[in-house]
Amino acid sequence: MAIRQIRIAGDPILNKVCKEVKEVTPMIKTLIEDMLDTMYEANGVGLAAPQVGILRRIAVIDIGEGPIILINPEIIKQEGEQTGDEACLSLPGKSGEVTRPNHVVVRAFDADMKEYEIEADELLARAFCHEIEHLDGHMYMERVIGEIHDAQLDGE
């Protein structure tokens, strides 16, 4: 489809809460395909709709096991803790240490608006938390322990 421009930290759209998706229209399907293309082109593991300038509760994730589409996602359970380096396509070339749950259960809808639940540990749990925070107008920099530094991993 198309590669969209990724909004960079400081863009006010990244601080806004996204609206719920009521139905998957052809425009939403195109957005999802474009988001996947954009994420892969940027070598990311996740991308949320506000990062491409769209205030809808949609995120895509792929940690190397195939794409996951999240529409109206919510974390319904979280357990444990993990601390590690995290990066973001909206803050290129930088990363910082962030503490997240080590295990999450997410409820969301797929591209056909079928509700599902997915469990995740470690990197996938981190990616879910990171992208869902984008949908609520937050970025990982708000959670960084210490300083943000030059990235040593691919962006989320």
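## Exercise 1: A contact inside

A polar contact of 3.4 Å links the side chain of serine 95 with that of aspartate 85. Keep in mind that this is a predicted model.

**Task.** Find where serine 95 lies, and decide whether serine 95 is buried or exposed.

**Solution.** 
- Step 1: Look at strand 5, residues 94-100; serine 95 lies in this strand.
- Step 2: Take the relative accessibility of serine 95, which is 0%.
- Step 3: Buried means under 20% relative accessible area. Serine 95 therefore counts as buried.

## Exercise 2: The neighbours of strand 2

**Task.** Which strands pair with strand 2, and which residues stand opposite valine 60?

**Solution.** 
- Step 1: Begin with strand 1 (residues 46-48), which pairs with strand 2 in the antiparallel sense over 3 bridges. Here leucine 47 stands opposite valine 60.
- Step 2: Turn to strand 3 (residues 68-79), which is also antiparallel to strand 2, with 4 bridges. In strand 3, isoleucine 69 stands opposite valine 60.
- Step 3: Follow the chain from strand 2 to strand 3. The two form a hairpin with 6 residues between them, and glycine 64 in the turn has a positive phi of about 110°.
- Step 4: Check the faces of strand 2 (residues 58-61). Ile58 and Val60 on one side are buried, as are Ala59 and Ile61 on the other, so both faces are covered.

## Exercise 3: A second hairpin

**Task.** How many bridges join strand 6 and strand 7, and which residue is the bridge partner of phenylalanine 109?

**Solution.** 
- Step 1: Strand 6 (residues 103-109) and strand 7 (residues 115-121) pair over 7 bridges in the antiparallel sense.
- Step 2: Phenylalanine 109 has glutamate 115, in strand 7, as its bridge partner.
- Step 3: These strands form a hairpin with 5 residues between them, and methionine 113 in the turn has a positive phi of about 60°.

## Exercise 4: Positive phi

**Task.** Asparagine 72 and glutamate 122 both have a positive phi. Where does each lie, and is each buried or exposed?

**Solution.** 
- Step 1: Asparagine 72, which is not a glycine, has a phi of about 55°. Asparagine 72 lies in strand 3 and is buried, with a relative accessible area of 11%.
- Step 2: Glutamate 122 has a phi near 50°. Its place is in helix 2 (residues 122-135), and with a relative accessible area of 52% glutamate 122 is exposed.

## Exercise 5: The largest pocket

**Task.** What volume does the largest pocket have, and how do its lining residues divide by class?

**Solution.** 
- Step 1: The volume of the largest pocket is about 170 Å³.
- Step 2: Locate some of its lining residues, including Arg4, Glu20, Met27 and Arg56.
- Step 3: Sorted by class, the lining has 5 nonpolar, 1 polar and 5 charged residues.

Notes: Residues numbered from 1 in each chain as written. Predicted model: local features only at pLDDT ≥ 70, side-chain atom pairs only at ≥ 80, totals over all residues. Heavy atoms only, no water. 1 Å grid on protein atoms, 1.4 Å probe; cavity = no way out; pocket = protein on both sides within 12 Å on 5 of 7 lines; lining within 4 Å. Points joined across faces, edges and corners; volume = space filled by probe spheres on them. Nonpolar A, V, L, I, M, F, W, Y, C, P; charged D, E, K, R; others polar. Pairing = 2+ DSSP bridges. Buried < 20%, exposed > 50% of the residue type's maximum accessible area, 1.4 Å probe, protein only. Polar contact = N/O pair within 3.5 Å; in protein donor to acceptor, adjacent residues only side chain to side chain.
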